[in-house]
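Keep the model open as you read.

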Amino acid sequence: MRVLVAGGAGYIGSVVTAALLDRGHEVTVLDDLSTGHADAVPEGATFVRASLHDSGPVLADVRPEAVLHFAAKSLVGVSQTQPEDYWHTNVGGSLALLEAMRAVDCRRIVFSSTAATYGEPESVPIREDAPTRPTNTYGASKLAVDHMLTSYAVAHSFAAVSLRYFNVAGAGFGRGERHATETHLIPIALQVAAGTRDAITVFGEDYPTPDGTCIRDYVHVLDLAEAHLLALPAPAPGEHRVYNLGNGTGFSVQQVVDAVREVTGHPVPVVVGARRAGDPAQLVASSDRIRADLGWTPEHADLTTMVADAWAQLSR
């Protein structure tokens, strides 16, 4: 299948691109390199440097049969101070991409959404039928694209899947996290172990959880890639499916720190800070629906495995 991967020079997009190539697909990566890296694009993929807003000529040339859409701005804090960038890129760019797809009669898409679309959960694990009440512009912009896909499925016979997940971890196909501004817990803790940070700050240790620290969902990037490959042929024209991806139980901040200490042998100093406003005690997404519908089974769900794979990639 000819597949265009928007955002394929980023962490998740590059791993999924490698997985597609490994399965024999013909892949073109579209990325503006605002946060991605040209050297992350796997050998064997065609790379075009362009933004979502300029995707029309690219799709007209490639004529893909399907699109995997990862391209987005994703820093929650920045989305609150610079919302215009998030509406322009995440929503406006996605609209331009969908119109470019429609112009070349490519109507199959898998979209990298987020469990941030749910906002503060009423119960955990979060199911797909939970209310969607995002608490930041990032989550709101992703939810807007989810709604856009529903309407394009109904009006223009798109076959679409939105995959909602929280934290992606680990490494695959020689690719791991590499962000200019790092906000994710596991790579920050690993930076402490690698000596590029002095300590990690834990925001609150008095939550109503077993060890007092927040619990969050983590999915290995290879399991995430497999979910995208399973989702690609799944929907029928006119159908928009929404699937959560999660481990079902989650891991606490303290468990992550302990796993990093175990894997690296580094003490990983911790500074306890105050709770951050709006941080729920527990955010875990149920993946029962995708397990039942598509047979997705995460094979790398162990926290130590995720940390060890990320550490091995960082240490290369």
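E128 is buried, with a relative accessible area of 12%; buried means under 20% relative accessible area, exposed over 50%, and partly exposed in between, using a 1.4 Å probe and protein chains only. Helices (H or I, at least four residues) and strands (E, at least two) are DSSP runs, numbered from the N terminus.

A word on the basis of all this: the model is predicted, so local features need pLDDT of at least 70 and side-chain atom pairs count only at pLDDT 80 or more, while totals for chains, interfaces and linings use all residues. Residues are numbered from 1 along each chain as its sequence is written, and side-chain values use heavy atoms, with hydrogens and water left out.

## Other salt bridges

Side chains of opposite charge can pair when their charged atoms come close. The count here comes to 14 salt bridges. One of them joins the side chains of R2 and E65, at 3.8 Å from N to O. This pair also links distant parts of the chain, with R2 in strand β1 (residues 2–6) and E65 in the loop between α2 and β4 (66–69), 63 residues apart. R2 is partly exposed at 30% relative accessible area, and E65 is partly exposed at 40%.

Take a look, too, at R241 and E239, whose side chains meet in a salt bridge at 3.1 Å, N to O. E239 counts as partly exposed, with 27% relative accessibility.

## Two helices side by side

How do α2 and α4 run relative to each other? Helix α2 (residues 55–62) and helix α4 (residues 83–103) pack at an angle of about 30°, with their axes 9 Å apart. Axes are lines fitted to C-alpha atoms, for helices over the stretch in contact, and angles run from 0 to 180 degrees between N-to-C directions. The two helices are therefore roughly parallel to each other, as angles under 35 degrees count as roughly parallel, over 145 as roughly antiparallel, 65 to 115 as roughly perpendicular and the rest as oblique.

The contact (heavy atoms within 4.5 Å) is made by S55, G56 and L59 of α2 with A96, L97, A100 and M101 of α4.

Helix α4 also holds P83, which is partly exposed at 25% relative accessibility. Beyond its neighbours within four places in sequence, P83 is in contact with V78 and T137.

Most residues other than glycine have a negative phi, and most peptide bonds are trans. In this model, V124 and P125 are joined by a cis peptide bond, with omega about 0°. P125 lies in the loop between β5 and α5.

D105, in the loop between α4 and β5, has a positive phi near 60° and is exposed, with a relative accessible area of 56%. F173 has a positive phi of about 55°. This residue lies in the loop between β7 (167–169) and α6 (185–194) and is partly exposed at 38% relative accessibility.

Notes:
Salt bridge = Lys/Arg side-chain N within 4 Å of Asp/Glu carboxyl O.
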